[in-house]
Each structure stands twice: as C-alpha cells, then as structure tokens.
Amino acid sequence: MIVPHATDTPVPVRTVRKAVVPAAGLGTRFLPATKATPKEMLPVVDKPAIQYVVEEAAAAGLDDVLMVTGRHKRAIEDHFDNAFELEQVLAAKGDAVRLDAVRDPARLAAIHHIRQGEPLGLGHAVLCARRHVGDQPFAVLLGDDLIDPRETLLSTMLDVRERHAGSVIALMEVAREQINRYGCAAVEATEEEGVVRVTGLVEKPSPADAPSAYAVIGRYVLDPAVFDVLERTPPGRGGEIQLTDALQTLATDGTVHGVVFDGLRHDTGDKADYLRTVVRLACARPDLGPEFTDWLKGFVGQLESGEGVVRRRSAA
C-alpha cells in the first residue's frame, strides 16, 4: 500500500495533539562531527534533520511537540527558539526569504524540552515524556527516519488510532537479510487494506528467527497505557529499556495495529544513508534540483569513465 500523497485539504481536528521526539542519542556513528554538534542538527541540504520531523508532526495537526534531549543538545533548543538579533539584522536588510526561514522553526508548534538524564534506551526516553503527555494518546517520531513530505503516513496512522484506539505502529517490508537492523512485527490481516493487527514484536531478530519481513520504522501513535508497561519493562537488548518490548506486551491484548508503508522514506541512520538522503532531497528541490541534477549526471559520467577517480587520487 502506498499511503496517499498530501493534499491542500484542511488538517482535521484530532484526539491526538501531542508528539514526542526522542533526541538524546550520542550520535557516535557520525563522530567527530557530533562531538560538539547534536546529530539531529546535522544539515540535510539547508535544514537540520530534526526540523523535517517537526514539520511532519505539524502537517499532521500535532501542535504540541516535546523533545527528549540530553547533555550537549542545547543547539536543538536554540534552533526552535526565536533569534532576535539575527532576525533584526535580516529585517533591516529587507531579506524576507531568510527572515522567514529563521522564524519558521519556532512557529511550527509549541515546542517543549526535557532531558533524559541517562541513556537507557528508546523506551526510557518515551517514559520521560509521561508527565508532559499525561493520560492522552500521543505520537512518537524518530529523527533517523525522514518521511517524504508528500506522504501522509502519520495522518493515516492517526486515522487508524481514531477508528481502533490502542496503539499504531508504522511497518515497512524489508529484505529478510536486513531485518536484524529493526524491530520486527508478527502480523495478521484485517479487513482494511494496508492495516494489520500486530500479534507480536521482537527487537532486531536474526533473519532465521524473524516472524515476518515487516520492520518497525520510526513512527508510532501510542496509547497512554504504554507508560505503565514501560515502568515494568526490564532492560532488554543492549541493556536498554526497549519500546519494542513494551509494545509486545500490549500486542498480546490485541490493541496494537500496524500501517504498512511503502512510500518515500529517507534514512539518515548512518553515513551512507545520510549522504543518499541529502542527494535525493536536493534533487527534489525546485530551486536546487535542476542545476544539481545536471552536475550529478556529469559527475557520475566522470566516475564511470574513471576520470573522477583519477582526479580524486591526484588531488590526494
């Protein structure tokens, strides 16, 4: 199922209004760039990755966003705050385009911040949001997964939550040999196209032990019942409190559904995926795409002929 593309129709009023964005990781796969800069603030073309995530939440009607951060993540807070001095300089220059770009992050939603004191896993990061969320259902968006803005995955998940209550997770079919990189869901069909009932979950199984090829990707709409389960969930894989383990408990009661997604998803989880994401999004930009695509075609031609490799070695 390809989740329908976004339209210009008004965003519906929903029961779910809050989103949680875990952003406390150390970003070790991107060292040394992330020694002093949060991984979530690395630019994807000309916006930090985490801004794409907040834009997605806002487009789905979630106007209250809690970021769960850690030490040395102050840059995230600053990015979603007003920058009065910079705004004054741009206003004095009459640079309306850049002024809007600087102001936009703070206008996306009501942004809140809380720190995860210890790196105890995704489940613990979600548990840190309990006081802010209260007894309301809420969405969780992970920053490594950027969903193309033309897709409406999150809105579809919110619709499923409205119809079925409980929790909803995003699933994507992957090659069996890659399933050990993800949480994996055991599922059974429902009468709704693209919607399945989740009967079990396991974190990063071996291909031989995986119950399916359906991987859990970084979008969740969670019932507040998950908090009580997380309180009782012991550390699992990697010595961390796994959200997957808590959802496995909820799934045994038949209260977890999955939305199967095969639309456009950009992965920034490691260096190669990050580079591919930057290139794809740059090519899709009307202001950058035509010129950048022409250059890219020429560069690929040089690589295929060996010219690009020779020049790179000569420069070294």
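Predicted model: local features only at pLDDT ≥ 70, side-chain atom pairs only at ≥ 80, totals over all residues.
A search of the whole structure finds 23 salt bridges.

Begin with Arg 219 and Glu 56, whose side chains meet in a salt bridge at 2.7 Å, N to O. This pair links distant parts of the chain: Arg 219 sits in strand β11 (residues 214–222), while Glu 56 belongs to helix α1 (residues 49–59), 163 residues apart. Arg 219 has a relative accessible area of 0%, so this residue is buried. Glu 56 also counts as buried, because its relative accessibility is 13% and the cut-off for buried is under 20%.

A second salt bridge joins the side chains of Glu 231 and Arg 130, at 3.5 Å from N to O. Glu 231 is part of helix α8 (residues 225–232) and Arg 130 is part of helix α6 (residues 130–133), so the pair ties together parts 101 residues apart in sequence. Arg 130 counts as partly exposed, because its relative accessibility is 30% and that class lies between 20% and 50%.

The loop between β11 and α8 holds Asp 223. The side chain of Asp 223 meets that of Arg 161 in a salt bridge of 2.9 Å, N to O. Arg 161 is found in helix α7 (residues 153–164), and the two residues are 62 apart, so this pair too links distant parts of the chain. With a relative accessible area of 12%, Arg 161 is buried.

Salt bridges can also share partners. In this way Asp 145, Arg 181, Arg 265, Asp 267, Asp 273 and Arg 276 are joined into one network.

Definitions and conventions
Residues numbered from 1 in each chain as written. Heavy atoms only, no water. Salt bridge = Lys/Arg side-chain N within 4 Å of Asp/Glu carboxyl O. Helix = DSSP H or I, 4+ residues; strand = E, 2+ residues; numbered from the N terminus. Buried < 20%, exposed > 50% of the residue type's maximum accessible area, 1.4 Å probe, protein only.
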